[in-house]
Amino acid sequence: MKFIVCLVIFLITLFNGMLASHIRGGYIRVVSGNGSLTYKFEVIGFTDTGSSVGFGGGELEFGDGTIISLEGGDATHETILLGNETSLTKYTISHTYQAPGAYTVRAKEFFRNASVINMENSVETPFFVSTQVIVDPFFGANSTPELGVFPAVFSRAGSRFFSAVGSKDEQGDSLVYSLAVPLRDFAEEVDSYRWPNDISFYAGENRSETPVLKLDKLSGQLTWDTPELAGEFGMAYKVIEYRKVDGEVHKLSETTVDLQIINVESDMLPPNIDFDYQVASNGRIDFIVGYETLAADSLEWSFYSSGLLNWDGADINGHQLTDTIAGGAGFNGFVALPQSAAKPIYFVLAARSLNRLNPFKTVKSFAVNPTGEEYVINAVGHPKEAVILRTYPNPVAGTMTIQFPELNQNKVQEIELINAAGQSILKTGIPINGNLATLNTEDLPGGIYLLRTSLGQQIYYSRFIKE
């Protein structure tokens, strides 16, 4: 009997371990529907290629009460091999919100790896990521940031580790980064989490100062003085997106990214990256780049800039150049500055050895402010909460009645109509009789529309269908 109980416990533990051996990180990206209320959602997971367990067995919540299962639903998915024993699995699905507002999109999956050193009982700790996004046609089209360069997965024990978690933003909005505690559920942090530079991981080492663990708030440069202790470490960070509209800075989204770094003992060394720059007086940033391996290995490298790149002897592809070379590479060039360079120019440099025995990758990022002053985002405004305005009949073929929340006798109210593509197609004033107004929709093509108006500081919306 005792043998059977032990066997059952062993099998349960083994089964949980199999389920928990795949997730290395991930995040949620929300892709704009050109200003409409329909968005595309990408749930991205980084997984261990050595595991037979796939990513996507959990749930996705859109923040409006709608919850779906990624597997078995309408979501499509693809898997891309990234190298270094890591793959990317992306589930994609569309969803339409009934009204503008602030929505927190959440994805939850069971379970994390069983051997994460800085988490208590990680084998039974859910993997949880979220993205909060403002859905409001007033701000125009907006997609949340996309990871620009895939982070390094392996770090060399007992050395300084460089990676970059900088993101790209389609609309060129300002991004700010900060370290965060990984979550296991909404507003629920991982149990007994310890930061990767917790002094307890450095027992027996001769450390005169606290080991470095920092994330540059503008460039997304991650730097960590790794311990000699080998194993898997979990961490998370936030990417906050800002946009200036009508002279006021607004927070548009906040994305939490989960990340795992595997600290390994090795005689191999990561590639070295050198970058030097100067803000020239002729309206450009001159730079010098150097990549090298400390062994006779071939090197795969990439160079990205948010500004358009220019240099002699190289074919450029817009903002990025990649190549493979034996030993190392060096070049110089410049980035021409726009007429109004109020925001920093970003550079991301990555290199990895093509020696299959060398798992290390180095990624460095820099935020260069052409003004030479610190770039600060302040005076952040918060979008006003949207309130639903009653309109009827809905669907409508001819005249539609609009019911306002208060009496506005003989007042002319400004309204705006926005089509499904996010385009403003009509701005007009309509008279209000008591708290009612009418709108003739006969000339509108059939489709879904959003009516937007404001009374004082309050914004009102109504979503209706024209037959």
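This is a predicted model: local features need pLDDT of at least 70, side-chain atom pairs count only at pLDDT 80 or more; totals for chains, interfaces and linings use all residues.
**Notebook: loops, pocket and cores**

Residues are numbered from 1 along each chain as its sequence is written, and side-chain values use heavy atoms, with hydrogens and water left out.

**Entry 1. Positive phi**

For Ala187 I read a phi of about 60°, positive although the residue is not a glycine. I class Ala187 as exposed because its relative accessibility is 71% (buried is under 20% relative accessible area, exposed over 50%, partly exposed in between; 1.4 Å probe, protein chains only). I then turned to Asn121, another residue other than glycine with a positive phi, here near 55°. Asn121 sits in the loop between β7 and β8. Its relative accessibility is 43%, so I record Asn121 as partly exposed.

**Entry 2. Thr125**

I located Thr125 in the loop between β7 (101-109) and β8 (127-135). The relative accessibility of Thr125 is 1%, and I therefore list it as buried. I traced its side chain to the backbone oxygen of Asn121, at 2.9 Å (a polar contact is a pair of N or O atoms within 3.5 Å, one able to donate a hydrogen and the other to accept it; residues adjacent in sequence count only if both atoms are side-chain atoms). Leaving out residues up to four places away in sequence, I list Phe111, Arg112, Glu120, Arg184 and Val190 as touching Thr125 (contact: heavy atoms within 4.5 Å).

**Entry 3. Cis peptide bonds**

I checked the loop between β30 (390-392) and β31 (399-403), where Pro393 lies. The bond from Tyr392 to Pro393 is cis, with omega near -5°. Pro395 also belongs to the loop between β30 and β31, and I found a cis peptide bond joining Asn394 to Pro395, with omega about 10°.

**Entry 4. Largest pocket**

I recorded a volume of about 1000 Å³ for the largest pocket (on a 1 Å grid over the protein atoms alone, an open set of points where a 1.4 Å probe fits, with protein on both sides within 12 Å along at least five of seven lines; lining residues have an atom within 4 Å of a point). The volume is the space filled by probe spheres set on the points. I find 48 lining residues, of which Gly148, Val149, Lys168, Tyr304 and Val348 lie nearest the centre. Strands that each supply at least two lining residues include β5 (76-83), β13 (174-180) and β19 (248-264). The largest share of the lining, 6 residues, comes from β26.

**Entry 5. Nonpolar cores**

I found 28 residues in the largest nonpolar core, and Tyr177, Leu222, Trp224, Met235, Tyr237 and Ile261 have the most contacts inside it (a core joins buried Ala, Val, Leu, Ile, Met, Phe, Trp, Tyr and Cys residues through side-chain atoms within 4.5 Å). Among the strands that each supply at least two residues of this core are β2 (38-48), β17 (221-225) and β18 (231-245). β18 gives the most to this core, with 4 residues. I also noted a second, separate core of 26 residues, including Val43, Ala75, Tyr97 and Val135.
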